[in-house]
Amino acid sequence: MSELTEASIREEVREWLEANWSPDRSLVEWRNILADSGWGVPGWSKQWFGRELPEALIPVVEQEFDRAGAVGVCKTGIRMLAAATLLVHGSEAQKEKFLRRILTGEDTWCQLFSEPGSGSDLAGATTRADFDGEHWKVNGQKVWTTSAHHAQFGLLLARTDWSVPKHQGLSYFVLDIEQDGVDVQPLRQMNGHASFNQVFFTDAKIKPEFQVGELGEGWKIAMTTLMHERRGADGTRRWAMGSNQTGRIYDEERAEVATIMEPYKWYPQRAGRVDLVVERAQEEGRNTDPTLRQEMAKLLIMSRAAEWTGLRARAAQVLGRPQGPEGSLGKLASSNVARQAAHVHTLITGADALLTGEESPRDGLIAEIFVSVPATSIAGGTDEIQRNIISERVLGMPKEPRFDADKAFQDVPKNTIS
Ligand SMILES: Cc1cc2nc3c(=O)[nH]c(=O)nc-3n(C[C@H](O)[C@H](O)[C@H](O)COP(=O)(O)OP(=O)(O)OC[C@H]3O[C@@H](n4cnc5c(N)ncnc54)[C@H](O)[C@@H]3O)c2cc1C
C-alpha cells in the first residue's frame, strides 16, 4: 500500500470531490454518498463509513471540503456522542441500524443521564428499567435533556439491579423517544432559550436488542459518552454554521442548522465570545485603558493555553495514546476562560452590558454572554467534579469519603421513591 502523506490525501480528496460533489443533490443523498466513500468520517474504521485515516491528516480532508464548498456529514450535537459510544460498545446490529442515519442527519439524539436527584452523582440514578419477558419497561424522570424535544432516540442510563452497589446496577439503552410512554416537557433558561427538557417515562418500552453492552455495564459505557463530551468541551469541535451559497443542498443544510442547531445557538456565548473582546474594546474606545488591557491579556493567554491543552489531547490521540487528564483539564480551562471573558466584557461595556433589545450593545449579545457563561461550569460535569477527577485520578490524592459506594443501592438512603 502506498504511504499516506498530506499531499497524497489532498490530491485524492480533491479528485474525489471534483468527480462527486454537486450542490444540486439533496442533503441526505449526498451524505449517503459521503458515508459510502469514507470521506465523511475519514478517521472511523473502514467497516463503518471511514478510512482509518490518522488523526493528523483529517484537517487536510476538512480543508479540501471547505475549499470546494462541499457539505459534510451531520457531525453536530449529541448525535456524535451517540456515534462514539455505539462504535465502542454497540452490537453490529446497532451500528448497522443507527450509524448511517446519524451521519446523514436523519435521526437526532439526546442524552438521558441527569435526573433531579442525580447530576454530579450520576451513579445514583433511580430511573428504572425492568424486563417483562418481552421488553424493558422504563419508569422515572430525567432532566436537563438537551434536544429531547426534537430527538428520535435517547442514550438512556437506567437502573436494572437495586441489590448491588450503585455503579454496578446501571445499564445502558437506546430509547425510542417518539412513543406514548415518553413525555418531553421543555424548560426555559435564564438566557431565554429553551434547549433543555424534563423527560418523564411511564412504562416506556425498549426492545431487548436496544440494550447497549452487557447488563450492569451502564456506568462504564456512560463514561465513554462523557469522555467524548468533555473532550468536545475544549473548544476544538467545529460548529455547523450553514453556508450562504446557493444550491439545493445549501438550502437544506440551512434549514437543518435552523432546527437541529437551534438548541445550541447560544453555545458560542456560553464559551464567553473571546473572539469579540479586542474588537469590542476598540469599538467602545477602551483599548488604551491599562487595567482593562491587563485583564484582556490575561484572558487571551488563558484562552491560548486552553487551546494548546486541547491540541495536546488531539496529539495524544494521533499517537494512539489513551485519553489522559486533558479531558478534565480542558473542560476546567474552558470554564475559567468563559468566566474571565464575561468579566472582561463587563469591564468593556459597563452597566450597559445588562441591557437587551435593539439598542443594547450588539443587540443583547453581550447580556446573553453573562447569562450563558455559567452553563460552561455545569454541563458535562461541574468544575468541582472535574477537580475531584484531577485530584483523585491524576494527582493520586486521597479519595473523597463515600458512604454509599459499597452498599446495595436499595439500602442507600435517598429522597426519591424506588
Ligand atoms: C448546557 C447544559 C447542557 C446539559 N445537557 C444535558 C443533557 O443533554 N443530558 C443530561 O443528562 N444532562 C445534561 N446536563 C446536566 C448536567 O450534566 C448536570 O447539570 C451536571 O452534571 C450537574 O448536575 P446537577 O445539575 O444535578 O448539580 P448537582 O450535582 O446537584 O450539584 C450542585 C452543586 O454541588 C456541587 N457538587 C456536587 N457533588 C459534589 C462533590 N462530590 N464534590 C464537590 N462538589 C460537588 C456541584 O459542583 C454543584 O456546584 C446539561 C447541563 C447544562 C448546563
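**A close look at α5**

Analyst: Happy to! Helix α5 covers residues 92-104, 13 residues in total, and spans 19 Å from its first C-alpha to its last, close to the 18 Å expected at 1.5 Å a residue. That expected span is 1.5 Å times one less than the number of residues, and helices here are DSSP runs (H or I, at least four residues) numbered from the N terminus. This is a predicted model, where local features need pLDDT of at least 70 and side-chain atom pairs count only at pLDDT 80 or more, while totals for chains, interfaces and linings use all residues. Residues are numbered from 1 along each chain as its sequence is written, and side-chain values use heavy atoms, leaving out hydrogens and water.

α5 has a kink of about 30°, centred on Phe98; the bend is the angle between axes fitted to the seven residues ending at a residue and the seven starting there. Phe98 is also buried, as are Gln94, Lys95, Leu99, Ile102, Leu103 and Thr104 in this helix. Buried means under 20% relative accessible area (1.4 Å probe, protein chains only).

Now for the wider picture. The largest nonpolar core has 65 residues, and Trp109 and Phe201 are among those with the most contacts inside it. Such a core is a set of buried Ala, Val, Leu, Ile, Met, Phe, Trp, Tyr and Cys residues joined through side-chain atoms within 4.5 Å. A second, separate core has 12 residues, including Val274 and Leu292.

Notes: Buried < 20%, exposed > 50% of the residue type's maximum accessible area, 1.4 Å probe, protein only. Helix = DSSP H or I, 4+ residues; strand = E, 2+ residues; numbered from the N terminus.
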